[in-house]
Amino acid sequence: MFSECFYPRFSDTDALGHINNTVFAVWFEGARQNVFKIFSPALNLQQWPLIIASIKLDYHAQTHFGAEVELRTYISRMGNSSFDVYQEAWQNGVKTVSGTAVMVHFNYATSAAVPISAEQKHQLSLHALPT
């Protein structure tokens, strides 16, 4: 699992006083950076090897301004050329949001999915979601 902790910005809140639901897609994308480095260690955007096929978010509880948030990132599925990144947001010991992004190893020059290498699969497996 990859994990990072931070304090939400005031601008992440909405008129209801909690963290806006749209913010979590952005937070989760940022927390996938270590996953991205498995495929592009230098994060070279000119040779970017991934695309997102799907994103799903589930809201379990409110997340609030003024308290630390922990983002946990796991690999929950691996296929030949795609994999699922499962993520959770935790605040004060409560899971507030979870989500899954389906990522595809992709060649932009050919507009086609490409197989994930054995080494990349090994690196992903080190962060597998516990069963």
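Author: Helices and strands here are DSSP runs, numbered from the N terminus. The model is predicted.

Reader: In which strand is threonine 96 placed?

Author: The strand that spans residues 94-107 includes the place of threonine 96. That strand is S5.

Reader: Is threonine 96 buried or exposed?

Author: Buried means under 20% relative accessible area. Threonine 96 has a relative accessible area of 1%, so this residue is buried.

Reader: Which residues does threonine 96 touch, not counting residues up to four places away in sequence?

Author: A contact means heavy atoms within 4.5 Å. With residues up to four places away in sequence not counted, threonine 96 touches Asp58, Tyr59, His60, Ala61, Gln62, Thr63, Ala89 and Gln91.

Reader: How much space lies in the largest cavity?

Author: Rolling a probe the size of a water molecule over the atoms shows where empty space is left. The count comes to one cavity of 30 Å³ or more. The space in the largest cavity is about 40 Å³.

Reader: Which elements give two or more residues to the lining of the largest cavity?

Author: Ala25, Phe28, Arg32, Ile55, Lys56, Leu57, Gln87, Gly99, Thr100 and Ala101 line the largest cavity. Two or more of the lining residues come from each of these elements: helix H1 (23-31), strand S2 (50-59) and S5.

Reader: How many residues of each class are in the lining of the largest cavity?

Author: Gly counts as polar under the classes used. The lining of the largest cavity divides into five nonpolar, three polar and two charged residues.

Reader: Where on H1 do the buried residues lie?

Author: Val23, Phe24, Trp27, Phe28 and Ala31 are the buried residues in H1. Because they cover an arc of only 125° around the axis, they lie on the same side of H1.

Reader: Which elements do the buried residues of H1 pack against?

Author: Packing is judged by contact, with heavy atoms within 4.5 Å. The partners of the buried H1 residues are strand S1 (2-6), helix H2 (33-39), S2, strand S3 (69-78), strand S4 (82-91) and S5.

Reader: What kind of aromatic pair do phenylalanine 24 and tyrosine 59 form?

Author: The structure holds eight aromatic pairs. In the pair of phenylalanine 24 and tyrosine 59, the centres are 6.0 Å apart and the planes are at 70°. Planes over 60 degrees apart count as edge-to-face, so this pair is edge-to-face.

Reader: How many residues apart are phenylalanine 24 and tyrosine 59?

Author: Phenylalanine 24 is in helix H1 and tyrosine 59 in strand S2, and their pair links distant parts of the chain. Phenylalanine 24 counts as buried at 2% relative accessibility, while tyrosine 59 counts as partly exposed at 43%.

Reader: What kind of aromatic pair do phenylalanine 39 and phenylalanine 83 form?

Author: The ring centres of phenylalanine 39 and phenylalanine 83 are 5.3 Å apart, with 5° between the planes. Phenylalanine 39 lies in helix H2 and phenylalanine 83 in strand S4, so the pair ties together parts that are 44 residues apart in sequence. Planes under 30 degrees apart count as stacked, so this pair is stacked.

Reader: Is lysine 37 buried or partly exposed?

Author: Lysine 37 is found in helix H2. Its relative accessible area is 34%, so lysine 37 is partly exposed.

Methods. Residues are numbered from 1 along each chain as its sequence is written. This is a predicted model: local features need pLDDT of at least 70, side-chain atom pairs count only at pLDDT 80 or more; totals for chains, interfaces and linings use all residues. Side-chain values use heavy atoms; hydrogens and water are left out. Helices (H or I, at least four residues) and strands (E, at least two) are DSSP runs, numbered from the N terminus. Buried means under 20% relative accessible area, exposed over 50%, partly exposed in between (1.4 Å probe, protein chains only). On a 1 Å grid over the protein atoms alone, a cavity is a set of points where a 1.4 Å probe fits but cannot get out, and a pocket is an open set with protein on both sides within 12 Å along at least five of seven lines; lining residues have an atom within 4 Å of a point. Grid points are joined across faces, edges and corners, and a volume is the space filled by probe spheres set on the points. The arc is that of the directions from the helix axis to the C-beta atoms. Rings of Phe, Tyr and Trp (its six-membered ring) pair if their centres lie within 6.5 Å; planes under 30 degrees apart count as stacked, over 60 as edge-to-face and the rest as tilted.
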